[in-house]
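These are my notebook entries on one model.

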Amino acid sequence: MQTTTSYLGLRLPHPFIAGASPFGHRLDSVKRLEDAGWAAVVLHSLFEEQITAASNGVIRHMDPSDPLFAEELAYFPHADDYPLGPDAYAEHITQLKRAVAIPIIGSLNGTAPESWLKFSRIIEQAGADALELNLYQVVTNAAMSGAAIEDRLAGIVKEVKRIVTIPVAVKLTPFFTAFANFARQLEAAGADALVLFNRFYQPDIDVKTITPTANLSLSDSSELRLRLHWLAILHGRVRPSLAISGGVATPDDGIKAILAGADAVQIVSALLRHGPRHLDAMREGLERWMAWYHLERLEEARGRVSLDRIADAESYERAQYIRTLQSWLR
Ligand SMILES: Cc1cc2nc3c(=O)[nH]c(=O)nc-3n(C[C@H](O)[C@H](O)[C@H](O)COP(=O)(O)O)c2cc1C
């Protein structure tokens with residue numbers, strides 16, 4: 001039985017990857033991931049704000065010595081609050097590449113097509129096997145159109161692809177009006193993979209203090225369906241490989257991701273909850289399921305429950321919607 005998969009041009013023994021998380025901070029924890037058998041590791045992100053502050057002394061053109069920006073700048077963490085500064089991040093990759101054999105995927109996180117992107121070259125030179133570009137942004141500017149946002153984000157991908165030769169994955173939020181079209185734009189910009197999706201950290205409101213409260217809770221399988229839906233829509237419709245990120249907690253979740261069309265399955269919350277050995281359960285569950293269905297290769301399962309072969313996917317989606325509502329009555 002073969003569970004091998006190809007993601008970002010990397011041949012992996014199975015689809016399970018440790019997604020960007022604090023597991024990437026330290027050499028010994030990445031070694032633990034390798035020892036447990038994870039197929040690859042995405043490092044935690046280096047942020048645009050970190051790079052621009054370290055290289056130009058400004059964040060998003062905001063000069064810390066200018067009182068005009070004092071309030072906005074106070075929102076951002078101090079340089080010491082990040083686990084690694086930009087130079088230390090590159091050095092970390094070099095050390096990891098000497099210490100482990102599994103692929104190391106660097107992560108850059110930002111939203112402006114500016115000089116900080118040159119750091120992607122430094123990540124490549126440090127030895128990263130690939131780069132994940134996280135385009136996390138909440139656009140609050142009512143004057144900016146969807147087309148302008150998409151254009152800017154695709155421009156970032158184009159720029160990074162001009163700078164590096166290693167494969168580039170793009171991690172995205174699901175909130176685009178025409179996500180499939182945007183995926184095509186990223187394909188045209190040269191993206192080698194799409195990672196579906198960023199979790200969207202919406203703050204809650206504390207009614208006692210009447211303030212917003214932000215806290216990071218780990219995910220569970222309830223977050224899976226949005227990802228499965230879009231994997232199933234994009235499978236076979238775009239060239240970049242597809243990874244899922246978000247809500248993969250159990251072996252069945254991993255199998256569902258493959259059936260919907262994932263080439264790679266990123267896991268973070270379950271890894272943080274259960275530790276690196278959680279991989280054993282994920283792999284055993286997948287292999288048992290493949291054996292049950294007499295599947296010899298993962299490819300035989302990939303995309304089996306996608307919209308790939310449905311000619312009019314939009315009508316299919318409408319029909320499913322109506323049937324789902326009607327299912328309540330039965
Ligand atoms: C503690 C923690 C730190 C994270 N750090 C990063 C990061 O640096 N860069 C990034 O792109 N995603 C980061 N993420 C998001 C994860 O990579 C992943 O996309 C998200 O947790 C959804 O996957 P999950 O449901 O398996 O947790 C982080 C998540 C957690 C819980």
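I located I210 in the loop between β9 and β10 (211–213); helices (H or I, at least four residues) and strands (E, at least two) are DSSP runs, numbered from the N terminus. I noted that the model is predicted, that local features need pLDDT of at least 70 and side-chain atom pairs pLDDT 80 or more, and that totals for chains, interfaces and linings use all residues. Residues are numbered from 1 along each chain as its sequence is written, and side-chain values use heavy atoms, with hydrogens and water left out.

**Entry: backbone angles**

I read the phi of I210 as near 55 degrees, a positive value in a residue other than glycine. Most residues other than glycine have a negative phi, and most peptide bonds are trans. I210 counts as exposed because its relative accessibility is 70% (buried is under 20% relative accessible area, exposed over 50%, partly exposed in between, with a 1.4 Å probe and protein chains only).

I then turned to H294, in the loop between α11 (278–292) and α12. H294 is not a glycine, yet its phi is positive, about 55 degrees. I recorded H294 as exposed, because its relative accessibility is 70%.

I found a cis peptide bond from L196 to F197, with omega near 0 degrees. F197 belongs to the loop between β8 and β9 (204–206).

**Entry: the ligand**

Which residues come nearest to the ligand? I listed A20, S45, S219, S245 and S269, out of 18 residues around the ligand (near: a heavy atom of the residue within 4 Å). I sorted the shell into eight nonpolar, eight polar and two charged residues; here Ala, Val, Leu, Ile, Met, Phe, Trp, Tyr, Cys and Pro count as nonpolar, Asp, Glu, Lys and Arg as charged, and the others, Gly among them, as polar. β4 (41–47) and α10 (269–274) each give at least two residues to this shell.

I checked distances to oxygen atoms of the ligand. An N or O atom in the side chain of N134 is 2.7 Å from a ligand oxygen, a polar side-chain atom of K171 is 2.8 Å from one, and a polar backbone atom of G247 is 2.8 Å from one. The protein covers 89% of the 610 Å² of accessible area that the ligand has on its own (Shrake-Rupley method, 1.4 Å probe).

**Entry: strand β6**

I placed N134 in β6 (residues 130–134), where five of the five residues are buried, so the strand is largely enclosed by the rest of the structure. A130, E132 and N134 are buried on one side, and L131 and L133 on the other. In a regular strand the side chains alternate between the two faces of the sheet. β5 (residues 104–109) runs parallel to β6 and is joined to it by five bridges; I105 stands opposite A130.

**Entry: Q50**

I found Q50 in helix α2 (residues 48–56). Q50 counts as buried because its relative accessibility is 7%. A polar atom of the Q50 side chain lies 2.8 Å from the backbone oxygen of L84. Beyond neighbours within four places in sequence, I recorded contacts of Q50 with S45, Y82, L84, G85 and P86 (contact: heavy atoms within 4.5 Å).

**Entry: helix α8**

I counted eight buried residues among the eleven of α8 (residues 224–234). Among them are L224, R227 and W230. The buried residues pack against elements including α7 (179–189), β8 (193–196) and α12 (313–327). G236, with a positive phi near 80 degrees, follows α8.

How values were computed:
A polar contact is a pair of N or O atoms within 3.5 Å; within protein, one must be able to donate a hydrogen and the other to accept it, and residues adjacent in sequence count only if both atoms are side-chain atoms. Two strands pair if DSSP finds at least two bridges between them.
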